[in-house]
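Have a go at each task before you read its solution.

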Amino acid sequence: MSNLAKFTKLKNMGGCFCYKYYKPCSLHALPPHLLCFYYLLSLYPIMAPSLRFLLFLSATLFFMQTLAEAATCSDCFTHSRAAYYPNSDENGTDTGRCGYGSFGATLNGGDVAAASNLYRDGVGCGACYQVRCTNSYYCTDNGVTIVITDQGSSDNTDFILSRRAFRRMAQTTDAAASLLALGVVDIEYRRVSCSYPYKNITIKIDQNSNYPYYLGFVIWYQQGRSDITAVQLCETQNFVCKLLDRTYGAVWTTTSPPSGPLSLRMLFSDENGDETWVVPVNNIPNDWKAGETYDTGVQVNS
């Protein structure tokens, strides 16, 4: 088949199916649009000079776009290492740096972790990651989804997993025992959406809160993969708002909180830098109490 006939076939198919010598291209490592350019280059000898220039210009632009996408790939895996809490039970710790308390040990069924750089001064608290070990003899392809509830590192790791989460990366019970014996393993990870079916974002008033002089709370059950980067408390009658402090981890605090029923405003920031204020349906009651939890009536999925 002539080059012209092959080009006519490709054109008539109307898709980005790259054929060379009437066979599918085998350069699977390249994106489909670059495979198409690879084929079109085989037509180079029969092209007019102007078409050759346009081809190379287009190829250059596509390569630049592909490199930019690779640099900001939100679904790509990052190589690292992970350990596990050596002196804990199957779940995580109830003294985690995120401030979740005992809730942080059992959140997500106990599939939780401490993070080093991903802790991000507390902004990373509550973020979910898919973590999988890379030893194909022991490890599954899917690994485990964990939630960050603590800060910590060990032997150049990005994560210290609960024993339960560490074991769940393995294919079998025996493989899990072998992973635990290794202590530290090579992994790949990427951020994924958190999911808490039938749960709304919930406010847990910190035990150290003292009505009406000091208010602190943590935010539970945030879905999606955005970060909460700011929180305001507003009086529901005159809409005067006060920006809260992130004291540590996921703990938001203020002295002299506004009076009356309080409306919460949370600023969500996604990986692209887009920001959205979310206002719950339900207010924090006028007579809020330390240790109580309050359902906000809203949930996010991005």
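**Exercise 1.** Find the strand that holds Glu235, and work out which side chain of opposite charge is nearest to Glu235.

*Solution.* Start with the secondary structure: Glu235 lies in strand S11, residues 227-235. Helices (H or I, at least four residues) and strands (E, at least two) are DSSP runs, numbered from the N terminus. Before going on, a note on the ground rules: this is a predicted model, in which local features need pLDDT of at least 70 and side-chain atom pairs count only at pLDDT 80 or more, while totals for chains, interfaces and linings use all residues. Residues are numbered from 1 along each chain as its sequence is written, and side-chain values use heavy atoms, with hydrogens and water left out.

Next, look for a partner. Glu235 is buried but has no salt bridge, and the nearest side chain of opposite charge, Lys242, is 9.4 Å away. Buried means under 20% relative accessible area, exposed over 50%, and partly exposed in between (1.4 Å probe, protein chains only). A salt bridge needs a side-chain nitrogen of Lys or Arg within 4 Å of a carboxyl oxygen of Asp or Glu. For charge, Lys and Arg count as positive and Asp and Glu as negative, with His and the chain ends not counted.

Finally, list the neighbours. Leaving aside residues up to four places away in sequence, Glu235 touches Val240, Pro258, Ser259 and Pro261; contact means heavy atoms within 4.5 Å.

**Exercise 2.** Decide whether Asp227 is buried or exposed, and find the side chain with which its own side chain makes a polar contact.

*Solution.* Asp227 also belongs to strand S11. Its relative accessible area is 10%, so Asp227 is buried. The side chain of Asp227 makes a polar contact of 2.9 Å with the side chain of Arg120. A polar contact is a pair of N or O atoms within 3.5 Å; within protein, one must be able to donate a hydrogen and the other to accept it, and residues adjacent in sequence count only if both atoms are side-chain atoms. Beyond four places in sequence, the residues that Asp227 touches include Arg120, Arg191, Gln222 and Phe268.

**Exercise 3.** Work out the handedness of the links Cys128-Cys194 and Cys133-Cys139.

*Solution.* Take Cys128 and Cys194, whose sulfur atoms are 2.0 Å apart. With 115° about the S-S bond, their link is right-handed. Cys128 lies in strand S5 and Cys194 in the loop between strand S8 (185-192) and strand S9 (202-205), so this pair ties together parts that are 66 residues apart in sequence. Both Cys128 and Cys194 are buried.

Now turn to Cys133 and Cys139, with sulfur atoms 1.9 Å apart. The torsion about their S-S bond is about -120°, so this disulfide is left-handed. Cys133 is buried at 5% relative accessibility, and Cys139 is buried at 5%.

Definitions and conventions: Disulfide = S-S within 2.5 Å.
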